[in-house]
Amino acid sequence: MNDYIIRGTAADDQIRFFAASTRELVETARQKHNTSPVATAALGRLLTAGAMMGSMCKNDSDVITLQIQCSGPIGGLTVTSDSKARVKGYVNHPEVMLPPSSAGKLDVGKALDLGVLTVIKDIGLKEPYSGQTHLVSGEIAEDLTYYFAASEQIPTSVALGVLMNKDNTVRQAGGFIIQMMPFAEEETIAKLEKKIAQFQSVTSSLEKEHTPEKMMEELLGDMGMKIYDTMPTQFYCNCSKERVEQAVISVGKKEIQSMIDEGEPIEVNCHFCNTHYHYSVEDLKRMLEEAVR
Ligand code: ZN
């Protein structure tokens with residue numbers, strides 16, 4: 001596995017950062033969902049952000065979900081990560097095709113258009129924490145930057161990138177999240193802002209330098225950057241025939257009975273990884289007995 005996240009600080013802890021290379025996990029998502037290039041870019045960006053935000057969680061059992069509901073032709077995206085940066089996700093319309101933007105790029109902003117971003121953190125409390133902001137550009141990185149500022153009051157710079165090969169497989173993917181601590185000095189903030197303004201893009205940095213370490217050096221190398229750990233990240237779905245069966249059981253006796261009456265085996269797809277599970281009429285009869293309502 002080549003994908004990983006680095007975490008560290010700079011400027012005597014006034015800055016903390018997360019940076020990731022995610023080519024393999026985005027390519028895995030592309031293959032599982034058979035996404036079009038613009039859908040691969042959108043999902044890849046959100047998966048990359050999700051993995052980094054998952055790695056921010058403190059407890060092993062914490063789960064973070066990023067959900068975008070939008071009016072554009074992609075329809076919406078959902079990404080979930082655990083604290084080990086094992087991430088999964090899907091888009092509502094993986095087949096969406098759009099002409100390139102005026103800059104000749106995949107037009108993720110058009111694919112999403114107007115909408116809302118919801119961040120749900122399930123950190124073992126009775127009710128999960130949830131924050132919601134409207135989309136600023138639909139380009140995802142800017143939308144998350146705005147989310148951190150508006151919902152969590154943390155000045156943050158988010159950059160995400162997915163670059164495709166000519167055959168539409170994923171060539172580069174990655175990103176970073178840089179956050180200013182509350183005690184950050186004006187001088188530090190100004191210096192970082194200047195560096196970020198000069199920074200070309202995540203994918204051009206990865207294309208040139210290959211690693212998130214080098215990418216962060218470009219930004220924070222002369223600001224006392226310290227990397228304190230490295231964590232693998234991957235596309236991972238925890239579904240199984242048994243878990244999906246429980247979801248079918250939860251629809252209720254009436255529904256299961258009508259499936260049995262149809263007399264045909266059923267197929268259920270996991271949204272997150274697109275695995276198909278098959279249940280025979282015999283399975284359905286057993287599930288009917290387990291259903292409580
Ligand atoms: Zn699954």
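A residue is called partly exposed if its relative accessible area lies between the limits for buried, under 20%, and exposed, over 50%. In the predicted model described here, Asn 168 has a relative accessible area of 34% and is therefore partly exposed. Asn 168 belongs to the loop between strand 8 and strand 9. The phi angle of Asn 168 is near 70°, a positive value in a residue other than glycine. A positive phi is also found at Asp 113, where the angle is near 60° and the residue is again not glycine. Asp 113 is located in the loop between helix 3 (108-112) and strand 6 (115-122). With a relative accessible area of 39%, Asp 113 is likewise partly exposed, because this value falls between the two limits.

In general, the strands of a sheet pair through backbone hydrogen bonds, in either a parallel or an antiparallel manner. This sheet contains 5 strands in the order 8-9-2-1-10, and their pairing is antiparallel. Strand 8 (156-164) and strand 10 (226-232) form the edges, each pairing on one side only. On average, neighbouring strands of the sheet are turned by 10° against each other, direction ignored. Within the sheet, strand 1 (residues 4-10) runs antiparallel to strand 2 (residues 15-21), and 7 bridges join the two. In this pairing, Gly 8 is placed opposite Phe 17 of strand 2. Helix 4 (residues 141-151) packs on the sheet and touches strand 8 and strand 9 (170-180); the direction of helix 4 makes about 160° with that of strand 8. Helix 6 (residues 202-209) also lies across strand 8 and strand 9, and runs at about 115° to strand 9.

A further open sheet is built from 6 strands in the order 7-6-3-4-5-11, with mixed pairing. Strand 7 (129-134) and strand 11 each have a single partner strand and stand at the edges, so one side of each is left without a neighbour in the sheet. Strand 3 (residues 63-70) and strand 6 run antiparallel and are joined by 8 bridges. Helix 2 (residues 37-55) lies across strand 3, strand 4 (76-82), strand 5, strand 6 and strand 11, and runs at about 30° to strand 4.

The structure holds 3 aromatic pairs, including that of Tyr 90 and Phe 272, which is edge-to-face with 5.2 Å centre to centre and 80° between the planes. Tyr 90 is in strand 5 (residues 86-91) and Phe 272 is in the loop between strand 12 and strand 13, so that distant parts of the chain, 182 residues apart, are linked. Both Tyr 90 and Phe 272 are buried. Another of the pairs is formed by Phe 176 and Phe 199; the ring centres are 5.5 Å apart and the planes lie at 75°, so this pair is edge-to-face. Phe 176 is in strand 9 and Phe 199 is in the loop between helix 5 (186-198) and helix 6, so the pair ties together parts that are 23 residues apart in sequence. Phe 176 counts as buried because its relative accessibility is 1%. Phe 199, at 11% relative accessibility, therefore counts as buried too.

Definitions and conventions. Residues are numbered from 1 along each chain as its sequence is written. This is a predicted model: local features need pLDDT of at least 70, side-chain atom pairs count only at pLDDT 80 or more; totals for chains, interfaces and linings use all residues. Side-chain values use heavy atoms; hydrogens and water are left out. Two strands pair if DSSP finds at least two bridges between them. Helices (H or I, at least four residues) and strands (E, at least two) are DSSP runs, numbered from the N terminus. Axes are lines fitted to C-alpha atoms, for helices over the stretch in contact, and angles run from 0 to 180 degrees between N-to-C directions. Contact means heavy atoms within 4.5 Å. Buried means under 20% relative accessible area, exposed over 50%, partly exposed in between (1.4 Å probe, protein chains only). Rings of Phe, Tyr and Trp (its six-membered ring) pair if their centres lie within 6.5 Å; planes under 30 degrees apart count as stacked, over 60 as edge-to-face and the rest as tilted.
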